[in-house]
Amino acid sequence: MPPLRLVDATKRYEGGGGTVTALSHVDFAVNAGEVIAVIGPSGSGKSTMLNLLGLLDDPTEGRVELHGSPVAGRSERERTDVRRETIGFVFQDFHLIPTLSAVENVRLPTAFLPGDYTDRAVDLLERVGLGERLDHTPDELSGGQKQRVAIARSLINEPDVLLADEPTGNLDRDTGVAVLEEIRGIAAGGVGVVAVTHDDLVTEYADRTVELVDGILEDGGG
Ligand code: ADP
Ligand code: ADP
């Protein structure tokens, strides 16, 4: 049972002059332990697909399934809970809070949960090689280090799936390689990873690559 799946998902936007079909009958399963690269030109539906996978938006037709159960019909509250328990997010521009230390950034998603996640945040930072940078703020870290803090943060709730939007987009090649090796290690631990990307480096590290062309998902040949 894949942790996350799109089943015959179509997304249309209504607006201005008419209807845009951003995604058309997309079937896509994220399996535990695999890294999937999603490529495609600008406007091909990549962000729309990531929004559906992240339970941030609903398909117009078809469905999103989490561990085999449809997401539709759940309240906003349930959705937020299930998103927090199941999905980690990583972004091109890191989305770190500049005034917080690495540890504080990593444990931030647990702020409203009972218990203290400081030890877990420290463990995760050690795991991504930042054990010596726990109290540094983002402006005291390199780009690669910032992305590794963001990856540690994405894992604080032990997600089944990691969704990454251009995870190497702001990194040079060597730093990108280090981040991708980190991501491979996370997948080896059983997490399914989806990375939307323009970077050939990501497709080299992916188990498979799929391509969006005008909202239609094709085998990327990777
Ligand atoms: P990508 O991430 O590959 O650039 P998007 O998913 O952002 O593609 O967009 C796919 C298509 O849907 C584009 O034609 C875009 O203009 C359209 N689109 C995206 N979001 C909206 C929206 N909120 N309202 C109307 N059209 C949208
Ligand atoms: P990376 O190879 O991860 O990109 P860099 O070569 O950019 O790392 O940085 C080397 C070291 O310099 C890092 O350990 C980092 O802590 C430190 N460093 C990078 N940028 C800054 C900064 N703006 N302020 C303080 N320290 C920094």
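This is a predicted model: local features need pLDDT of at least 70, side-chain atom pairs count only at pLDDT 80 or more; totals for chains, interfaces and linings use all residues.

Trainee: OK, which residues surround ligand 2?

Mentor: The shell around ligand 2 is made up of R133, D139, E140, S142, Q145, R148 and T175.

Trainee: What lies 2.7 Å from an oxygen atom of ligand 2?

Mentor: That's a polar side-chain atom of R133. Q145 also uses its side chain, with an N or O atom 3.1 Å from an oxygen atom of the ligand. With E140 it's a backbone N or O atom, 3.3 Å from a nitrogen atom of ligand 2.

Trainee: How much of ligand 2 does the protein bury?

Mentor: The protein buries 43% of the 560 Å² that ligand 2 exposes when taken alone.

Trainee: Switching to the rings, how many aromatic pairs are there?

Mentor: The count is one aromatic pair. It's F89 with F91, and their ring centres are 6.3 Å apart.

Trainee: Why does that pair count as stacked?

Mentor: Because the planes of F89 and F91 are at 5 degrees, and the cut-off for stacked is under 30 degrees.

Trainee: And F89, is that buried, exposed or in between, and what about F91?

Mentor: F89 counts as partly exposed, at 22% relative accessibility. F91 comes out at 24%, so that residue is partly exposed too. The cut-off for buried is under 20%.

Key: Residues are numbered from 1 along each chain as its sequence is written. Chains are lettered from A and ligands numbered from 1 in the order in which they are written. Side-chain values use heavy atoms; hydrogens and water are left out. Rings of Phe, Tyr and Trp (its six-membered ring) pair if their centres lie within 6.5 Å; planes under 30 degrees apart count as stacked, over 60 as edge-to-face and the rest as tilted. Buried means under 20% relative accessible area, exposed over 50%, partly exposed in between (1.4 Å probe, protein chains only). A residue is near a molecule or strand if one of its heavy atoms lies within 4 Å of it. A polar contact is a pair of N or O atoms within 3.5 Å; within protein, one must be able to donate a hydrogen and the other to accept it, and residues adjacent in sequence count only if both atoms are side-chain atoms. Accessible areas come from the Shrake-Rupley method with a 1.4 Å probe; for residues, only the protein chains shown count as cover.
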